[in-house]
Amino acid sequence: MFDTAAAGSASPLFIAGIGLAGMCLGLIADSLVRRALPRLAGGASWRSGITTAAATFILSALLAWRFGATAELPAYVLLGILAVPLARIDMVHHLLPNRLVGPLFGAGLALLGFAALTAGAAGDMLRGAAGSVILFFFYLVLALTSRNGLGMGDVKLAAPLGLYLGYLGWSQLFYGGALAFVAGGIASTVLIVKNRGNKPHEVAYGPSMLAAGLAIILLLP
């Protein structure tokens, strides 16, 4: 079971160290993504490098503050690191590539499975697996029944997000899924206002899903 006593009790030095480690791993991951997906990720620039470094440092440090020195921390830091290129690609291309979503899911299963094994928390892992299935099929139904809404990339992203949220609890799974729709609605409204009342043909829901999931992971005990 997740050690709540360790969460939020990490020292500032530990938090800063994890933030720096996450930043370095984020820059490495960004470079690998650009090599593997040059058409989607685009070329490297100093601006994107600074954005990636800042985002991954902040997310990793916040996750270190949230989880402390627990076995679950590496899995959630990985989520924070891969959330950055996933959100960027989706905002530009309205696409969530399988070559990023797949490793996020597979590594999540491995890292959270190891954490559950070391802590003797098989129930947490089973709940995470159930959460993955539940959120995936919920998004699949919405994608098949809505017009100009969710895409299959969003459906596939729901599987790892359901895993990460469900591992922590049913409340995290519910609120993470609900907040994603609120954030997506706000993003759509902003785009409509920006386009002077013209509804965009496509809306990138991936960034809203990732932001909502990370917010719930960080804020909900």
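This is a predicted model: local features need pLDDT of at least 70, side-chain atom pairs count only at pLDDT 80 or more; totals for chains, interfaces and linings use all residues.
A nonpolar core is a set of buried Ala, Val, Leu, Ile, Met, Phe, Trp, Tyr and Cys residues joined through side-chain atoms within 4.5 Å. Buried here means under 20% relative accessible area, while exposed means over 50% and partly exposed lies in between, using a 1.4 Å probe and protein chains only.

Residues are numbered from 1 along each chain as its sequence is written, and side-chain values use heavy atoms, with hydrogens and water left out.

## The core

The largest nonpolar core holds 53 residues, and Tyr76 and Ile217 have the most contacts inside it. Its main contributor is helix H4 (residues 73–93), which gives 12 residues. Helices (H or I, at least four residues) and strands (E, at least two) are DSSP runs, numbered from the N terminus. In soluble globular proteins, nonpolar side chains tend to be buried together.

What does Ile217 touch, leaving aside its neighbours within four places in sequence? A contact means heavy atoms within 4.5 Å. On that basis Ile217 meets Leu63, Arg66, Phe67, Tyr76, Leu79, Tyr164, Leu165 and Leu168. Tyr76, then, is one of the contacts of Ile217.

## Salt bridges

A salt bridge is a side-chain nitrogen of Lys or Arg within 4 Å of a carboxyl oxygen of Asp or Glu. The count by this rule comes to 3 salt bridges, and here they are:

| Pair | Closest N and O atoms |
|---|---|
| Arg34 and Asp30 | 2.9 Å |
| Arg88 and Asp30 | 2.5 Å |
| Asp124 and Arg127 | 3.0 Å |

Asp30, Arg34 and Arg88 are linked in a network of salt bridges. Within it, Arg34 and Asp30 are separated by about one helical turn because they are 4 residues apart in helix H1 (residues 12–36). Arg34 counts as buried, at 10% relative accessibility, and Asp30 does too, at 7%. Arg88 lies in helix H4 and Asp30 in helix H1, so this pair ties together parts that are 58 residues apart in sequence. Arg88, like Asp30, is buried.

The Asp124 and Arg127 pair sits in helix H6 (residues 122–145), with the two residues 3 apart, about one turn of the helix. Both Asp124 and Arg127 are buried.

## Pocket and cavity

Pockets and cavities are found on a 1 Å grid over the protein atoms alone: a cavity is a set of points where a 1.4 Å probe fits but cannot get out, and a pocket is an open set with protein on both sides within 12 Å along at least five of seven lines, with lining residues having an atom within 4 Å of a point. Grid points are joined across faces, edges and corners, and a volume is the space filled by probe spheres set on the points.

The largest pocket has a volume of about 260 Å³. Helix H3 (46–67), H4 and helix H9 (206–219) are the elements that give two or more residues to its lining, and H4 supplies the largest share, 5 residues. Of the 13 lining residues, Ala55, Ala83, Val84, Ala87 and Met91 lie nearest the centre of the pocket.

For residue classes, Ala, Val, Leu, Ile, Met, Phe, Trp, Tyr, Cys and Pro count as nonpolar, Asp, Glu, Lys and Arg as charged, and the others, Gly among them, as polar. The pocket lining divides into 10 nonpolar, 2 polar and 1 charged.

There is 1 cavity of 30 Å³ or more, and the largest cavity contains about 40 Å³ of space. Its lining includes Leu135, Tyr139, Leu161 and Met209. H6, helix H7 (152–168), helix H8 (170–194) and H9 each supply at least two residues of this lining. By class, the cavity lining has 7 nonpolar, 3 polar and no charged residues.

## Two residues to look up

His94 is in the loop between H4 and helix H5 (98–119). Although His94 is not a glycine, it has a positive phi of about 55°. His94 is partly exposed, with a relative accessible area of 33%.

Asn98 belongs to helix H5 and is partly exposed, at 46% relative accessible area. Asn98 and Gly153 are 55 residues apart in sequence, and their C-alpha atoms are 7.9 Å apart in space. Beyond its neighbours within four places in sequence, Asn98 is in contact with Pro103 and Lys156.
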